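Thanks for coming, everyone. Please bring up the model on your screens, and I will walk you through it.

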Amino acid sequence: MNYRHAFHAGGFADVIKHIVLTRILVYLQEKPAAFRVIDTHAGAGLYDLTGDEATRSGEFLTGIARVLQARFSEQAYALLSPYLDIVRSFNPKAELVTYPGSPLIARALLRPQDRMTLCELAPVPRKQLIDALRRDTQARVVDLDGWVALPAFVPPNERRGVVLIDPAFEAKDEFERLAERFAAAFVKWPTGIYVLWYPAKSRRATEELADRVADLAAAAKPPGKVLRLEFSVAPQIEGEALTSTGLLIVNPPWTLHDELKLILQELQRPLGQGGAARFRLEFPKA
């Protein structure tokens, strides 16, 4: 498949991924010690929802647009508000025309002591990302393949932080590469938080990935945990557009499972297509 960021900006998969990232960063803010965000496939950083790529897919209309209009319980809204406030800050006229990617969502949650490393190999998105950050001294954009950078940049000097691995899944061996590169990084930094994104199209591929990552985490000293999240807005049909997204969160904050359970329950109706969405939230091999 081809999961280039610009075509899917603000879609349901972005919404789920960015909510998870936001909750992790809010958790990291609770301690004064600095943390680092490492984004291996950063993309352009900011996406024009009126542009050709976004309007061609229209995914944001059934993603972030619905979430911004939805009504939530007081508890769920309190958890969602950091993410929604960031999205709204890029749309000050209350008209949804722009969507921030993971680099700008993360940047909004950095404190003065925190840092961010962003990898983007494609020249056009890399230039757009640099322009979006406007010479930000807390963010470093590197012209490097994210798969090469992943084990090279860990552990960070801060020894706290999160690694977001969100490849385009253009190659047939992307699931295998994701597992291999994660393993290489995890050996060097077994206490870091890792967020691995994947399209949940092949049951065999997703099960093998989850099992391998869970085995690696369990073998660490001390053993790590893996939280598996899959969210489906409609049944996945072979050859059709993506309707199921997945995340593996390694060493998740202890609060994350219960937070996501509440959030995902309330996202089922607004994000569902042709009926309520469904989700899976579990600790594999726990």
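Start with V37, whose bridge partner in β4 is M116. Two strands count as paired if DSSP finds at least two bridges between them. Strands here are DSSP runs (E, at least two residues), helices are runs of H or I with at least four residues, and both are numbered from the N terminus.

A word on the source. This is a predicted model, so local features need pLDDT of at least 70 and side-chain atom pairs count only at pLDDT 80 or more, while totals for chains, interfaces and linings use all residues. Residues are numbered from 1 along each chain as its sequence is written, and side-chain values use heavy atoms, with hydrogens and water left out.

Now widen the view. Eight strands make an open sheet with mixed pairing, in the order β5-β4-β1-β6-β7-β9-β8-β10. At the edges stand β5 and β10 (278–282), each with a single partner strand, so one side of each has no neighbour in the sheet. From one strand to the next, the twist averages 10°.

Which strands does α2 lie across? They are β1, β6 (161–165), β7 (193–199), β8 (226–232) and β9 (244–250), and α2 runs at about 20° to β9. Helix α10 (residues 203–219) lies across β7, β8, β9 and β10, at about 160° to β8. Axes are lines fitted to C-alpha atoms, for helices over the stretch in contact, and angles run from 0 to 180 degrees between N-to-C directions. Contact means heavy atoms within 4.5 Å.

Next, charges. Side chains of opposite charge can pair when their charged atoms come close. A salt bridge here is a side-chain nitrogen of Lys or Arg within 4 Å of a carboxyl oxygen of Asp or Glu. The count is 19 salt bridges.

Take R23 and E259, a salt bridge at 3.1 Å, N to O. R23 lies in helix α2 (residues 12–28) and E259 in helix α11 (residues 256–271), so the pair ties together parts that are 236 residues apart in sequence. Are R23 and E259 buried or exposed? Both R23 and E259 are buried. Buried means under 20% relative accessible area, exposed means over 50%, and partly exposed is in between (1.4 Å probe, protein chains only).

Compare D52 and R56. Their side chains form a salt bridge at 2.5 Å, N to O. D52 and R56 sit four residues apart in helix α3 (residues 52–57), about one helical turn. D52 and R56 are exposed.

Last, the annotated positions. An unreviewed UniProt entry lists H18, H41, S102, E120, D145, G146 and D166 under "binding site". UniProt positions follow the numbering used here, feature names are shortened, and annotations may be inferred rather than shown by experiment.

Look at E120. It is in the loop between β4 (115–119) and α7 (123–133). E120 is buried, at 12% relative accessible area. Leaving out residues up to four places away in sequence, E120 touches several residues, including H41, V142 and D143.

And D145? Where is D145 placed? D145 is in the loop between β5 (139–142) and α8 (146–152). At 28% relative accessibility, D145 is partly exposed. The D145 side chain reaches the backbone nitrogen of W147 at 2.9 Å.

Note on methods. A polar contact is a pair of N or O atoms within 3.5 Å; within protein, one must be able to donate a hydrogen and the other to accept it, and residues adjacent in sequence count only if both atoms are side-chain atoms.
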